[in-house]
Amino acid sequence: MNVGSIIKYYRTKKGLTQTELAEGICSTSHLSKIETNMYSANEETVNLLLAKLDLKLDDITGDLREVHETLESFIHAIFMQDRESIENLYNELREKEDYILTSEYVNLYHLYMLRYHLFHWNEEKIQEYMGLIKKIKNTFDPIEKNILVFFRGFHHSMNEKYEEGITTVHEFLRNPLPVGGMWIGEASYMLSHLYTSLNQNEAALTFSKKAYDVFLTESNFIRQVHSQMILGISYMRLNLHSEALTVYKSLLRNTRMFFKDNLYPGVLINYARCQYLLKEYVKAEKATNEAIDLSEPFSYSFGTSLLIWLECRVKLNKIDKKWHSRMRLLKETDTIIGDKYFFHHSNFLEKYEFSQYDGIKYAVKYLYPHLIKLQSFSDALEVLEKIIDYYESVGDTEKVAHYYSQWRKLIKRERTLNV
């Protein structure tokens, strides 16, 4: 415990000079060394100084214990995604900031403030705290250094520096320091998210399972749901559709009850996609109808729901006025989003429905290259399968071999475990 820093804090707060506090107890220079923690004063001197400040050592120990508990509750609330508790504890810590900055928990305080601003993605504050931490990191103990590594990994993830994020989070996990189960769960979840972003789905599956097991033990329900969502996506991308469907049925029930306004529409979309891939087009159409109603108009979720619905109706041979109306709505959505994803998909659907030849020609020239550019490799695999099926049906073995080679490269990419 840095008693000297705390004595200085309360002396300053009471408006006393070093000379006034030291009078009758020790020399001013002796007090100066105590306050800068250059000298460990004996218990008698400390008690006399504290008594003059109307304090007891037990009071300080209790205050420090309370600060530590508040800091631990704060980071726990962030891990649990408990927004109300996060804000209440943040305000409580800010009220005690002057005191905390004199204590042994000053480094942990700055680290957790960084995590708070990462949570809210306040770039200005993130840079402010990262700059501050850079100046004081030489004072960090081994656990604090490892926590900083973890937060850097999170920052890489949020900046879409996925490979850097993976390397950094693995560095954190290789360090055996006792940071606690929830940290390991969060690191595993972050890795599952990073691997999903890189379409390395076997790795994503591995770490989402690890994360889910930890969150189950820690009773972190919302992170269980998040981990299951990545589990479902990974199963689907690996063509394990029955396993994905089992996950999504559980997610539908839980998100409908507890997260209907935010997570439920996304689960509906993934569930519908899974049913589509299982050729359960009626079930997929029903789920996408609900997702369209719940999604924010002209959002990416809205566009995805429309696209799956349109694909289902093609498979069900139900091309009518409503289909054409929603096709126009999908193109309007793409105009607002602006990445051409829905534009090329909608054009492909229209052309393919009219003529397989025209549709495949469009896919080869526009849709497939654009998906590769967007790194939407799972979508690219599906389009490749349609291209391969078409050229097989017309007996063009040269093009079958060419596109099958590209399909194998994408599969290999998805199965790369980058550790």
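I take helices (H or I, at least four residues) and strands (E, at least two) as DSSP runs, numbered from the N terminus. This is a predicted model, so I note the source terms: local features need pLDDT of at least 70, side-chain atom pairs count only at pLDDT 80 or more, and totals for chains, interfaces and linings use all residues. Residues are numbered from 1 along each chain as its sequence is written, and side-chain values use heavy atoms, with hydrogens and water left out.

**Pocket**

I looked up the second largest pocket. A pocket, on a 1 Å grid over the protein atoms alone, is an open set of points where a 1.4 Å probe fits, with protein on both sides within 12 Å along at least five of seven lines; lining residues have an atom within 4 Å of a point. Its volume, the space filled by probe spheres set on grid points joined across faces, edges and corners, is about 200 Å³. Which helix gives the largest share of the lining? H10 does, with three residues. Helix H5 (57-79), helix H8 (106-120) and helix H10 (142-158) each supply at least two. I count 13 lining residues, with His 68, Glu 72, Leu 108, Ile 143 and Ile 147 nearest the centre. Eight are nonpolar (Ala, Val, Leu, Ile, Met, Phe, Trp, Tyr, Cys, Pro), four charged (Asp, Glu, Lys, Arg) and one polar (the others, Gly among them).

**Cores**

A nonpolar core is a set of buried Ala, Val, Leu, Ile, Met, Phe, Trp, Tyr and Cys residues joined through side-chain atoms within 4.5 Å. Buried means under 20% relative accessible area, exposed over 50%, partly exposed in between (1.4 Å probe, protein chains only). The largest core has 71 residues; Ile 7, Phe 74, Tyr 112, Phe 151 and Trp 183 touch the most other members. A second, separate core holds 32 residues, including Ile 292, Leu 349, Ala 363 and Ile 387.

**Cysteines**

I searched for disulfides (cysteine sulfur pairs within 2.5 Å). I found zero. For Cys 312, the nearest cysteine sulfur is that of Cys 274, 12 Å away. Cys 312 is buried, at 0% relative accessibility.

**Positive phi**

Asn 239 is not a glycine, yet its phi is positive, near 65°. Asn 239 sits in the loop between helix H14 (221-237) and helix H15 (241-258). Its relative accessible area is 47%, so I log Asn 239 as partly exposed. Gln 375, also not a glycine, has a positive phi of about 60°. The loop between helix H21 (356-373) and helix H22 (377-393) holds Gln 375. Gln 375 is partly exposed at 40%.
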